[in-house]
Amino acid sequence: MTQPLGSFPGGLILPGQKKRSTQTPIRKMPLTKTLVLPLQQHIGEPAVATVEVGEKVLKGQKIAAAEGHVSVGLHAPSSGTIIAIGDHPIPHPSGLSASCITIETDGEDRWIDRQVNENISQLSSHELRQRIREAGIVGLGGAGFPSFIKLNPGIHHHVETLILNGVECEPYITCDDMIMRERAQGIMDGIEVMQLALNVKNCVIAIEDNKPEAISAMELALASREQLKDTKIVVIPTRYPTGSEKQLIQVLTGKQVPSRGLTLDIGIVLHNVGTAYAVGRAIKHGEPLISRIVTVTGKDVKHAGNFETLFGTPIHELLSFCETKRQPEEPFIQGGPMMGYNLAGDKLPVTKTANCILVGVDEPVEATKPLPCIRCGDCADACPVSLLPQQLYWHSRSKDLEKTREYNLFDCIECGCCSYVCPSKIPLVQYFRFAKTETMNQEQEQQKSDLARIRHDNRQERQERERLEKEEKQRKRKAALAASKAAKAKKEAEAAAETQTDKQET
Amino acid sequence: MPLFRLSPPFLSGTSRVTLHMIQLLLALVPALIALVFFFGPGVLVNITLAITVALLAEALMLKLRGRPLKPFLTDGSAIVTAVLFAMAIPPLAPWWLTTIGILFAIIFAKHLFGGLGYNPFNPAMVAYVLLLLSFPLEMTTWLPATGLTENSLDLVSAFQFIFTGELANGAGIDTFSGATPLDVMKTQVGLSELPSYIINQPLFGLFGGIGWEWINIWFAVGGLFLIYRGVISWHIPAAMIAALLVISTATYLITPEAAASPMFHLLSGGTMIGAFFIATDPVTASTTLKGRLVFGAGVGILTYIIRAWGGYPDGIAFAVLLMNMLVPLIDYYTQPKVYGSGAVK
């Protein structure tokens, strides 16, 4: 065990509320009658369905293929029949509908043939990445970025360190904690694969000190691995948002990821421990990503805990399995209480990014009208990236987007620390999201109008050129005409002169 | 309207504007007790009057501006302004002085600029300066701390005096009032008296004026409580006290015949109420950490300059207002370095 090297400014010590969901081991959510699978459960292009309605599928069978580079495929979480391909509400902050494949399960849960691989070191890093992509693996920490891309540093970058993120700093969520406690060996399998794919030896597993059970389970698993002798477990102090990529790097290494840059720029690749487990399953056991651990917790959940849930399982069935009494007025959250979002309803499927369903926050924010900003600066003290939220708020409110950019709006990680500490209860993060979207819209508009202006300029230039060419042509034609006229006249004159001389001669 | 907010973060912190204000008032209690002990109960009458007028003015302005009454009347900011103002003016200031001051603070300095959070100048100090410029006599007529005079007033006579201008026996203020130690120091240094000699007069105590030094100490104790509770940050008071200490020590060492001791400056007049309660007003002070240091140091230096070489015995109010003007500039140039903005290796 080694000590963390750095720290970040601000941050919060939050009431963890994690005990509620760590009292029982991970349980399996029973198979439901239907499974609804959105074609886009990752950042990037949506997958494209490769099955038809009425087709029978097996558990683990590919039902949608990746489209483009930043995309991954999708697999049937259980055996059954495709009964629909079309729009269905998906979990999304705006309550959108999107294209989904619906499977009616047959209850047999029959697998496809799985390719077991005991000796992974025979596979090339390219092959490993390809298989990870084929298995549909995305970052399971919540963002859902295709993992194979983050395992492909390319020729311009050299990876020095692989960081495994087992921090889980948001209150309530415990799925990473539980997977580390119970499936540490599986995580180690994944780390071995990731190290091979990245060709890196140095690896750090970061865990917050509020998870002693997970730490000892991981240490035990690590001790049995000959392959992972350069892997260390670093226990870091519990503070929100240490689990955020950039802040974790700062805590572990003391380095900062350049603004608008990638972690790869400083030779670091980060993966979530749940992702590592999925990678291990995919490579060693040939299992594509078809389920995940979901924390179901909150004060209205009777049997809070962690559930291994097939993708596509309707959230309301998961909730009724845990005997949840949802209050109509309270927020119904996917993700954590700091960065999660309110779900539009519970007739939505569990997806790859659903780390937690939170029903009943202990200290919810009341929907009162905020008081004016009193410029106390508590938000600036809490900001982990050293922004000045009070100034950003001022400029966002007055839609002075230019100024918000000057105050580094786009470095905001939307962790919510500022809103949390605000004594006036101003929803600061909402203002910043608004300003970001507005700026991006404006930039798009700007690009569009730039394009239109260029088109317009080109058109005018072309028209001018054509006019000149036309004139030139006309002039030439006129000149030619004049010339031929002159020639004709000359000829006539000559002819006349000839006749004259003829006459004279005669 | 839903009961709860449906956007992240869903978790509610415990910090509230009203809670800040209540703790602030609590922190003023020790100094208030000291004020009553040394200068009689007049300040209590002033505070009651100031709070009443402040709340009425606040309500009137909210009504005129079409703002909801409840959140703003109960946020405590008007009360804090009123209490700070009442504790800063002479304890037997006539009722109309307090009324004019508070009306100006709430109506002009606060609401005409947009109300809570929008005023660029500290309302209590704006009122204080207005009165100091308009009614210099009333604003500088302090009582000597008890023990120097047999005329220690009880609550009834203080009340009577504030509202009628004279005592039951017909005595006016001249019979028992006097200048403040800062005032005496300034005038007599001006007459080429030695500070070390001046300080031996009965008006003076160990370091500053009798009573004044204790009041300052209790303001500081209240201020430390606020820092401990996280209501204010240490930056402004520390920078202001440090700046005052440095500049007064320097002048004291260079010209001991014309400058009062550093401790005299720290424990006289409004130094501690200024450092912990006035300059730290979040609305009108700098908000960046570095900016707060600059702001506090500026207040400290200006205070000394005005006290030692300016036309007024105390300079806290002017210093705070002058620095208030510089806040946007200070904030702009003291922005913290954002994550990832450093040079890439």
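Tutor: Happy to! Let us begin with a term we need: an axis here is a line fitted to C-alpha atoms, for helices over the stretch in contact, and angles between axes run from 0 to 180 degrees between N-to-C directions. Keep in mind as well that this is a predicted model.

Now look at chain B, at helix H1 (residues 17–39) and helix H2 (residues 42–64). Their axes come within 8 Å and cross at roughly 130°. What do we call such an arrangement? An angle over 145 degrees would count as roughly antiparallel, and 65 to 115 as roughly perpendicular. H1(B) and H2(B) are therefore oblique to each other. On the H1(B) side, the residues that make the contact are Leu32(B), Leu35(B) and Val36(B), and H2(B) brings Val43(B), Leu44(B) and Ile47(B). Sorted by class, this contact of H1(B) with H2(B) has 6 nonpolar residues, with no polar and no charged ones.

Is His20(B) buried or exposed? Its relative accessible area is 12%, and buried means under 20%, so His20(B) is buried. If we leave aside the neighbours within four places in sequence, His20(B) is in contact with Ser15(B) and Val231(B), and also with Asp378(A) and Pro423(A).

A pair of aromatic rings is described by the distance of the centres and the angle of the planes. Over all chains the count comes to 13 aromatic pairs. One of them joins Trp95(B) and Phe163(B), with 6.5 Å from centre to centre and 10° between the planes, and this pair is stacked. Trp95(B) lies in helix H5 (residues 95–110) of chain B and Phe163(B) in helix H8 (residues 155–164) of chain B, so the pair ties together parts that are 68 residues apart in sequence. Trp95(B) is partly exposed, at 38% relative accessible area, and Phe163(B) also counts as partly exposed, at 34%. Ring pairs bring in Phe159(B) as well, linking Trp95(B), Phe159(B) and Phe163(B) into a cluster.

Conventions. Residues are numbered from 1 along each chain as its sequence is written. Chains are lettered from A and ligands numbered from 1 in the order in which they are written. This is a predicted model: local features need pLDDT of at least 70, side-chain atom pairs count only at pLDDT 80 or more; totals for chains, interfaces and linings use all residues. Side-chain values use heavy atoms; hydrogens and water are left out. Rings of Phe, Tyr and Trp (its six-membered ring) pair if their centres lie within 6.5 Å; planes under 30 degrees apart count as stacked, over 60 as edge-to-face and the rest as tilted. Helices (H or I, at least four residues) and strands (E, at least two) are DSSP runs, numbered from the N terminus. Buried means under 20% relative accessible area, exposed over 50%, partly exposed in between (1.4 Å probe, protein chains only). Angles under 35 degrees count as roughly parallel, over 145 as roughly antiparallel, 65 to 115 as roughly perpendicular and the rest as oblique. Contact means heavy atoms within 4.5 Å. Ala, Val, Leu, Ile, Met, Phe, Trp, Tyr, Cys and Pro count as nonpolar, Asp, Glu, Lys and Arg as charged, and the others, Gly among them, as polar.
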